[in-house]
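Welcome! Here is a short tour of a two-chain model, starting where the chains meet and then moving to a few spots worth a look.

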Amino acid sequence: MHHVLPISAQYSVLYTGMWVTSTIEVEMDSMAAGAKQRQFSFLGKKSKDRSKNITFALFVTPGLILYSIFLVLPVVMGVYYSVTDWNGISRRFNIVGIKNYRSIFRDSRFSNAVLFNLKYTVLLTVCVVVLGIALALLLNKRVKGITGFRAMYFFPAVLSALSVTLIFGQIFYRVLPQIGSKLNIGFLQKSLLSSKTTAPYGVLLVNVWQGVALPTILFLAGLQTIPDELYEAAEIDGANAWARFRHITLPFLVPIISIVLVLTAKSGLMVFEYVHSLTDGGPGGATESISLLIYRHAFVENKFAYSIAEAMVAGLIIAAISAIQISISNRMKVY
Amino acid sequence: MKSRSVVVLSIIFSMVFGLVGTVTAKQVELEFFLLKPEVESVMNEIISDFMTEYPDIKVTQTAVADAGTVLLTRIATYDMPDILQTYPAEDKYKHMFDDGLLLDLTEQPFLENVADSMLELATYKGRIFALPMTLSSYGIYYRTDIFEELGIAEPKTYAELIEACKVLRANGYDAFALPNRDVGNIAQRLERLIGVLNPKSYEEFAKIAAGEMKVEDSVTIRTFAEMCLDILRYSTEDHLGLDYESAVADIVNGKAAMMISGTWMLSTMQKSNPDIAVKLIPFPSPLSDKLLVPVNIDTSFSISGDLRDPEPALKFLEYLSRTEVAQKYYEVDGNVNMIKGVVFDKEEHMYMKDLMDQGDMFLTQVNFWPTGLREEMRIPAQQLFIDGDVDAFVQAFGEAINKLYNQ
């Protein structure tokens, strides 16, 4: 059975994961909004409500249209292409049913990539949150020249990820081994990216170096909203530094921690440019992430339909993780 | 009087704009999509010369980073460029021709300007869908000055190559700069060197896929693995941390004396050091004393099958097939140019050219292997360089062959 290809499914490959995540967020928000709306309609007059509803509908329509064109439609198309054998070039292809999905669950490369992404995301999130808070606490001190320091720590965020990876690639290959040899540190005598054990940490190091900058600024902003009186009162009551951090600082930072958790987890689950440029998935597949695998299958190995199916599965995994994360952070929210 | 001058002026205006309008309407616009970024400037010059000769045709060059991916995306979205570079021996482009995405050029008179042997390589199912211009070749670039200084003769056999490696290592050089961090480079090396060992490897692989032969019995695959481990002993110590650019830098800076690569690398080396003393020689096979050059059709030009009127695009291809234009292209590109009458004078590649003229060449294996086999072997090959496990590599190769031949 032959079909003629209407338009590309590339959007689907790229957006499926993000779409499913954002759908959950939007659904949750709309449920909350719906509840408020219902309360409101009991109180207000019917005609007033109708005109308000029309206004709301008019406001929502442009967004809904754009959302449908750029997100819903590609996902629907993605589902369609994922059950074909399309190679990305040919204008003719066959429907093959769930063959691609069955192959994915048998493919060790895919399960390895999922495992890599999960481990990587946990490590990235922990490093970014802990380091971000620590740096923000230091940058919140009233010291001379603190603005300069703040600018310095924010600097990595304005660089392009690709430039950063190229620079670190050279540091790993040419600088660190020299230091490793001088100080006789075994694992540093070769590039961190050369060994299957250290390569994931090498990629993580670069990602954390750059990825911690923005969360630090967010944490710093959070710290500055905490009233000084609370610390003074705690000090008078004899609370030590840890108790002050645990019972004053941390509760105030919870909303920001939950935002940072979502942002960092998303970037960890979809990591692409760092692995693509630093290791290209190597050595021996040790750093092959889901996004890299999808890209490779589509653009290097010409298995477009298969890569779209992978994107679908990855999208569902990311959606499940995001749902859990959002429900946890909703419970933790301080109003 | 006033009204008369207004009428006259408006007539003049309408005539002038009408004329401009006619010229604009007649001018045909064509897009040329470039795959090889290193020739962007010379292609711009050629296009501008072409437009001087054909003022009614406007050609715009599209040169983007990661052009292969961009082209694939554009094809997938029905946005074919009018004229594009292709690799006519590769499966991907043959599929495009099968699907009617590329114009059949078989009957075009300008193909007579191309050497017959080249046309033969570019023929698919008796048809030709590209103007094939250059052949790239692959082998070992070696620093002639370092070899001279140490009194090492140019290696003609595998034993001589290993001997040269030993002398280089003893004198503090890395014999080879092996960029094993770069999996794309590994995959290409695998495919070209397997061809050196067995230019008909695809026949052997087909037998393995059909169950007529065991992968463990494949001398080609096993020898490839052992050969890689042999030369690894004399190469960059941290080869898994070395990327392509750094490897080229190691050759230019004289840290390493040899690198396995293709003719496209010469211009990169010469950018860093225009006087670099290098020469490209074929990789000697441990299985045979005959030196063979792996070649691939490099620069080729095709026309979109979607064009309503292909005439202007055909004129552009005819222009590119002229000897003086091809000569201009060759000066920058450096590959063996198969347009009749082009003078080849790159000393660094002369030896390869002589072997090619004698017919001691074969079309590289990627053109015969199923799409994706080379890429599928990236991880197992890198794994071989990590643990040196030849048996595991052979097994992985067998699995990849079975998967891709039987899909």
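## Where the chains meet

Between chain A and chain B there are ten residue pairs in polar contact (both at pLDDT 80 or more); a polar contact is a pair of N or O atoms within 3.5 Å, where within protein one must be able to donate a hydrogen and the other to accept it, and residues adjacent in sequence count only if both atoms are side-chain atoms. On the side of chain A that touches chain B, the elements giving two or more residues are helix H6 (161–183), helix H11 (273–278) and helix H12 (290–300) of chain A. The largest share, five residues, comes from H12(A). Helices here are DSSP runs (H or I, at least four residues) and strands are runs of E (at least two), numbered from the N terminus.

This is a predicted model, in which local features need pLDDT of at least 70 and side-chain atom pairs count only at pLDDT 80 or more, while totals for chains, interfaces and linings use all residues. Residues are numbered from 1 along each chain as its sequence is written, chains are lettered from A and ligands numbered from 1 in the order in which they are written, and side-chain values use heavy atoms, with hydrogens and water left out.

## Area and charge

In contact terms (heavy atoms within 4.5 Å), 40 residues of chain A meet 36 residues of chain B. The two chains bury about 3200 Å² between them, 51% of it on carbon and sulfur atoms; this is the accessible area (1.4 Å probe) lost on being put together, summed over both parts. Ile89(A), Arg91(A) and Tyr173(A) supply 24% of the area that chain A buries against chain B, more than any other three residues.

The chains also share two salt bridges (a side-chain nitrogen of Lys or Arg within 4 Å of a carboxyl oxygen of Asp or Glu). Arg109(A) forms a salt bridge with Glu376(B), with the closest N and O atoms 4.0 Å apart.

## Two buried side chains

Ser194(A) sits in the loop between H6 and helix H7 (199–211) of chain A. Its relative accessibility is 7%, so Ser194(A) counts as buried (under 20% relative accessible area, with exposed over 50% and partly exposed in between; 1.4 Å probe, protein chains only). A polar atom of the Ser194(A) side chain lies 3.2 Å from the backbone nitrogen of Gly241(B).

Gln85(B), in strand E3 (residues 83–85) of chain B, is buried too, with a relative accessible area of 2%. A polar atom of its side chain lies 2.8 Å from the backbone nitrogen of Leu35(B).
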